[in-house]
Amino acid sequence: MKILHTADVHIREINDARWEALGEIVNIGNREQVDVLTICGDLFDNSEIGQKLRPKIREVFTAANYPILIIPGNHDIEAYPDGAFLGEKVTVLRDLLQPLIIDGVAFWGFPFTYLDEEAALAKLHQAADKVNTDMPNILLFHGELLDKTGGWGIYGEEGRQRYLPVKLSYFTSLPWQHVLAGHLHSNYDSHEFAPGRYFVYPGSPVSITRKELGIRHLNLFQLEGMPEKYPLDSAYYEKFLIHLDPFQSLNPLLPLKERIEKIPPRATLLLEVAGYYNGAALQMTETMLHEKIMKLADERVEITALEFRDIREIVEDDLFKSFAACLDKKGFPAAERREILEIALQGMMER
Ligand SMILES: [Mn+2]
């Protein structure tokens with residue numbers, strides 16, 4: 001059996017990047033001839049949107065040549081009322097105690113609910129008692145893996161709300177072979193909690209916030225094999241940091257220019273420019289530097305921080321210059337010379 005696993009699409013509207021990503025996922029399922037697609041929570045950004053877009057999403061799912069299993073996540077917990085129709089291929093798993101059997105494989109869905117660690121574990125054991133271990137069993141889960149987020153399951157630091165917290169160690173004594181998870185967006189993340197048994201977050205299939213960096217993935221795997229990272233052609237963020245150097249007289253924006261020319265078609269660059277520079281050496285005031293950055297930054301660039309400062313008055317200061325000249329005569333190795341200059345610079349800026 002071939003399984004395609006995603007989560008956290010956070011659909012908001014039709015025809016945006018998230019909507020396109022969902023269409024692409026359905027196409028991949030057809031192309032790869034999968035036997036089932038699992039969407040492990042937060043298909044919708046919120047429950048109201050889920051209710052509103054149901055007729056539209058039904059059209060997307062109609063294109064699938066395979067069954068689709070969905071569980072509600074914390075964002076779309078109310079998006080799937082009883083009797084709601086998402087298409088002939090689609091089943092929403094609303095009750096952990098009622099698995100769906102497809103081609104001799106049992107799929108169990110743990111829809112998101114506000115349970116603490118202890119109650120979540122009790123619920124899992126309640127379901128485990130009903131599991132028939134003569135067949136493969138797969139769990140769809142939406143929640144927080146404490147091994148990654150840390151701390152205790154009832155309340156986190158400062159009493160932070162936990163989202164259906166579980167630990168990897170639970171699953172070693174539970175009967176599920178694969179735990180297909182959703183909720184943590186940042187990256188594809190697979191854990192072999194026991195030999196041949198895996199807990200996987202595929203990561204959001206499209207960048208939802210600026211924290212989701214790099215190309216996005218799905219989990220596409222054979223039931224008897226290992227989870228596998230499947231790269232997705234969808235919108236995502238990449239970070240680009242320019243750290244200015246007060247001892248450099250090359251144009252610091254050259255790497256940015258090059259990067260922008262080579263930016264992958266679906267990527268958006270998150271640009272940060274920080275540090276000190278010598279405006280005299282670069283013949284560039286702060287206003288000019290800002291202008292040049294804005295000119296380079298087209299619609300594929302989002303500026304997240306501009307924390308630069310022209311410190312020509314210090315670098316060009318006679319005292320600093322004569323200090324640098326003295327240092328040169330001592331013949332320090334380059335790295336050491338550089339370190340001393342930076343300390344001197346700091347000292348003069350704090351003067
Ligand atoms: Mn979530």
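These legends accompany a set of close-up views of a predicted model.

**View 1. Four protein side chains gather around the manganese ion.** Let us start at the metal. The protein donors here are Asp 42 (OD), Asn 74 (OD1), His 142 (NE2) and His 183 (ND1), and they lie 2.1 to 2.4 Å from the manganese ion. Read along the chain, these donors follow the spacing D-x31-N-x67-H-x40-H. The pair His 142 and His 183 links distant parts of the chain, 41 residues apart. His 142 belongs to strand 7 (residues 137-142), while His 183 sits in the loop between strand 8 (178-182) and strand 9 (189-194). Are these two histidines buried or exposed? Both His 142 and His 183 are buried.

**View 2. The largest nonpolar core has 31 residues.** Look for Leu 43, Phe 61 and Ile 70, the residues with the most contacts inside this core. At least two core residues come from each of helix 1 (17-31), strand 2 (36-40), helix 2 (47-62), strand 3 (68-71), strand 4 (90-92) and strand 11. Which residues does Phe 61 touch? Leaving aside residues up to four places away in sequence, Phe 61 touches Leu 22, Val 26, Ile 39, Leu 43, Ile 68, Ile 70, Leu 86, Lys 89 and Val 90. Another core, of 28 residues, lies apart from the largest one and includes Ala 106, Phe 112, Phe 141 and Leu 174.

**View 3. Strand 11 pairs with strand 1 and with strand 12.** Strand 11 (residues 217-222) is largely enclosed by the rest of the structure, because 5 of its 6 residues are buried. With strand 1 (residues 2-6), strand 11 pairs in the antiparallel sense over 4 bridges; here His 5 has Asn 219 of strand 11 as its bridge partner. Strand 11 and strand 12 form a hairpin, with 6 residues between them.

**View 4. Three strands make an open, parallel sheet in the order 13-14-15.** The edges are strand 13 (236-244) and strand 15 (301-310), each of which pairs on one side only. From one strand to the next, the twist averages 10 degrees. Strand 14 (residues 267-277) runs parallel to strand 15 and is joined to it by 9 bridges. For a handy landmark, find Gly 275, whose bridge partner in strand 15 is Phe 308. Helix 6 (residues 254-261) lies across strand 13, strand 14 and strand 15, and runs at about 165 degrees to strand 13.

**View 5. Cys 40 is buried, whereas Cys 326 is partly exposed.** Two cysteines are worth a quick look. Cys 40 counts as buried because its relative accessibility is 0%. Cys 326 has a relative accessibility of 43%, so it counts as partly exposed. The count of disulfides in the model comes to 0.

**View 6. Pro 195 is an exposed loop residue.** Where is Pro 195 placed? Pro 195 is in the loop between strand 9 and strand 10 (197-201). With a relative accessible area of 78%, Pro 195 is exposed. Include Gln 177 in the view too: from C-alpha to C-alpha, Pro 195 and Gln 177 are 9.6 Å apart in space, and they are 18 residues apart in sequence.

Note on methods
Residues numbered from 1 in each chain as written. Predicted model: local features only at pLDDT ≥ 70, side-chain atom pairs only at ≥ 80, totals over all residues. Heavy atoms only, no water. Pairing = 2+ DSSP bridges. Axes fitted to C-alpha atoms, helices over the stretch in contact; angles between N-to-C directions. Contact = heavy atoms within 4.5 Å. Buried < 20%, exposed > 50% of the residue type's maximum accessible area, 1.4 Å probe, protein only. Donors = N, O, S within 2.8 Å, 3.2 Å for Na, K, Ca; no water. Core = buried A, V, L, I, M, F, W, Y, C linked by side-chain atoms within 4.5 Å. Disulfide = S-S within 2.5 Å.
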